[in-house]
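Here is a short tour of one model, with the strands to begin with, then the rings and the annotated sites. Keep the structure open as you read along.

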Amino acid sequence: MLNIVLFGPPGAGKGTQAAKLIEKYQLVHISTGDLFRMHIKEQTELGKRVKDLLDNGILVPDSVTIDMLEEEVQKNPDAKGIIFDGFPRTVPQAAALDAFLASKNSDIKAVLQLDVDEAELKRRIAERKKVSGRADDDEDKLVKRIDEYFNKTVHVLPYYQAQGKLTVVNGIGQIEEIFNNLCSAIDTE
């Protein structure tokens, strides 16, 4: 299986690039953000808990995120591969993902980090907010989410770097150029 982790701070273009990678490599897309939003929309118990946390710019606890993710993977037993978007966000999540995939005789093949500076992120999210109206794109929540990424999530990268799986790709430029760089990184794995 071609399992890929796509990393980047909020506004780095993960969603745009994930869609293109899914089409090219016929992958199943698992976005913890999308799963959280679905649970919130359906007002499940999990959705209510997640909404309260996200509305305050707080990351969802590992145990909740991992259980939800494993459930989603189990729904796609015949997948050619999975692209994980927004997960893992902590080293314990990365280790749990490795253990879970190992139990399925699989692993992560490539970890791709979209590198985008903070000024560009804020500009992109301000534009996205005009279109999407996402509550987590409000400026005060956005600052918390960007801080969470740079203060916490980014620490997962050395975990994958030590495994020789990390490739950093410049996330600023033309969408097609970024996509081609991501594909080159995947195809050399």
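## The strands around β4

L6 has L112 as its bridge partner in β4. The strands and helices named here are DSSP runs (strands are E, at least two residues; helices are H or I, at least four), numbered from the N terminus. The model is a predicted one: local features need pLDDT of at least 70 and side-chain atom pairs count only at pLDDT 80 or more, while totals for chains, interfaces and linings use all residues. Residues are numbered from 1 along each chain as its sequence is written, and side-chain values use heavy atoms, with hydrogens and water left out.

Strand β1 (residues 4-7) and β4 run parallel, joined by 4 bridges; two strands pair if DSSP finds at least two bridges between them. L112 also has a partner in β5, namely T167. Between β4 and strand β5 (residues 166-170) there are 5 bridges, and these two strands run parallel.

How many of the 6 residues of strand β4 are buried? The count is 5 for this strand (residues 110-115), so β4 is largely enclosed by the rest of the structure. Buried means under 20% relative accessible area, exposed means over 50%, and partly exposed lies in between (1.4 Å probe, protein chains only).

## Aromatic rings and a charge

F7, Y159 and Y160 make up one aromatic cluster. Rings of Phe, Tyr and Trp (its six-membered ring) pair if their centres lie within 6.5 Å; planes under 30 degrees apart count as stacked, over 60 as edge-to-face and the rest as tilted. The count by this rule is 2 aromatic pairs. The pair of Y159 and Y160 is edge-to-face because the ring centres are 5.1 Å apart and the planes stand at 85 degrees. Y160 is buried, with a relative accessible area of 0%, whereas Y159 is partly exposed at 23%.

Elsewhere, the charged end of K20 sits over the ring of F179, 4.8 Å from its centre. That label requires NZ of Lys or CZ of Arg within 6 Å of the ring centre and within 35 degrees of the ring normal.

## Annotated binding site

An unreviewed UniProt entry places the feature "binding site" at G11, A12, G13, K14, G15, T16, R128 and G173. UniProt positions follow the numbering used here, feature names are shortened, and annotations may be inferred rather than shown by experiment.

Where do two of these positions lie? T16 is in helix α1 (residues 14-25) and is partly exposed, at 39% relative accessibility. G173 belongs to the loop between β5 and α9 (175-187), and G173 is partly exposed at 43%.
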